[in-house]
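Subject: Structure handover

Hello,

Here is the structure for you to open. My notes follow below it.

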Amino acid sequence: MSIYSDISENLQRGRAKLVRQLVEQALEEGCPAAEILNEGLMPGMNVIGEKFKRNEVYVPEVLVAARAMNMGMQVLSPRLKEDGVKAAGKVCIGTVQGDLHDIGKNLVKMMMEGKGIEVVDLGTDVSPETFVQTAIDEDCRIICCSALLTTTMDVMADVVKEAEARGVRDKVKIMVGGAPVTDAFCRSIGADKYTSDAASAADAAVELLCAV
Ligand code: B1M
């Protein structure tokens, strides 16, 4: 078994320390940082994402795999920067104003990072102004909004309006999700993309980043 499949397998099992050691070993052996990411860490996270979509693994397994991914990335990130490797694109994510649920939002973030996307995490209770200002300041190409309450999902419409008011609606895509959110709701508020789960959100973000 190659060191890359070793990294991928152990990431899927959530063996964070081992993943970090294997990434260190791969670097010592002279493997390029981008190759370790693209052939070891990301394929491992992709397998978990696909299994999550098919309900073959659940939130806890995704969380431990994401922790292993993060451990590997701690070692790899400085080397990727040194090598001038750029992220697939930059997005910001948050749970909308008035809403403190963040487990799903964190999963979306982890899946996106697993696809090589740079994610600015704004946390919870995020105002439309903060979403849009961050997108402008940080040059994010997608704003990702999560809502778990029927009483807060309408804030997503305000994010769309704020992006229009600030004159950046044509420069930034807006993705929405969370248990009460639907595709019909997404279309009704003029957002760009609804997805029902974290793995699909990450896939959609990659597609949007490639399209813009
Ligand atoms: Co709250 N809560 N909660 N809660 N809570 C729900 C959501 C609720 C359905 C429970 C119920 O009544 N049956 C209900 C909402 C009812 C409604 O509006 N229709 C509810 C309520 C009412 C409340 C309070 C108002 C309770 C109170 O105080 N009276 C209060 C609100 C506080 C606030 O936010 N202002 C409250 C508080 C809390 C806790 C703090 C105790 C805790 C949150 C802890 C935390 O997040 N750190 C909590 C929890 C844990 C839940 C439940 C039990 C679980 C939510 C969760 O994490 N699910 C929930 C009931 C339930 O769902 N069974 C409930 C797991 C998570 C992985 O799923 O977040 O849906 P989810 O994310 C999924 C997808 O939706 C999607 O991907 C994820 C994974 O695939 N997704 C996206 C999410 N964001 C996305 C973004 C995308 C794309 C996909 O693109 C950008």
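Let me start with helix 2. The buried residues of helix 2 pack against helix 1 (3–12), helix 3 (33–53) and helix 4 (59–82). Buried here is under 20% relative accessible area, exposed is over 50%, and partly exposed is in between (1.4 Å probe, protein chains only). Helices (H or I, at least four residues) and strands (E, at least two) are DSSP runs, numbered from the N terminus.

Before going further, some ground rules. This is a predicted model, in which local features need pLDDT of at least 70, side-chain atom pairs count only at pLDDT 80 or more, and totals for chains, interfaces and linings use all residues. Residues are numbered from 1 along each chain as its sequence is written, and side-chain values use heavy atoms, with hydrogens and water left out.

Helix 2, continued
Helix 2 covers residues 16–28, which is 13 residues. From first C-alpha to last, helix 2 reaches 18 Å, close to the 18 Å expected at 1.5 Å a residue. That expected span is 1.5 Å times one less than the number of residues. Which residues of helix 2 are buried? They are Ala16, Val19, Leu22, Val23, Ala26 and Leu27. They cover an arc of only 140° around the axis, so they sit on the same side of helix 2. The arc is taken from the directions from the helix axis to the C-beta atoms. The face turned away from the buried side carries the exposed residues Lys17 and Glu28. Gly30 follows helix 2, with a positive phi near 95°.

Leu41
Leu41 lies in helix 3. Leu41 counts as buried because its relative accessibility is 0%. Not counting residues up to four places away in sequence, Leu41 touches Ile7, Leu11, Val19, Val23, Ile36, Met69, Gly72, Met73 and Leu76. Contact means heavy atoms within 4.5 Å.

Lys90
Leu41 and Lys90 are 49 residues apart in sequence and 19 Å apart in space, C-alpha to C-alpha. Lys90 is in strand 1 (residues 90–95). Its side chain makes a polar contact with the side chain of Glu138, at 2.9 Å. A polar contact is a pair of N or O atoms within 3.5 Å; within protein, one must be able to donate a hydrogen and the other to accept it, and residues adjacent in sequence count only if both atoms are side-chain atoms. Leaving aside neighbours within four places in sequence, Lys90 has contacts that include Glu118, Val120, Asp139 and Leu209.

The ligand
What is the only protein donor of the cobalt atom of the ligand? It is His101, through NE2, at 2.2 Å. Donors are N, O and S atoms within 2.8 Å of the metal (3.2 Å for Na, K and Ca); water is not among the atoms, so sites may look incomplete. His101 is found in the loop between strand 1 and helix 5 (103–114).

The ligand is surrounded by 27 residues, and the closest are Leu100, His101, Asp102, Ser146 and Thr150. A residue is near a molecule or strand if one of its heavy atoms lies within 4 Å of it. Helix 5 gives the most to this shell, with four residues. A nitrogen atom of the ligand is 3.0 Å from a polar backbone atom of Gly98. An oxygen atom of the ligand is 2.9 Å from a polar backbone atom of Thr150.

Best wishes
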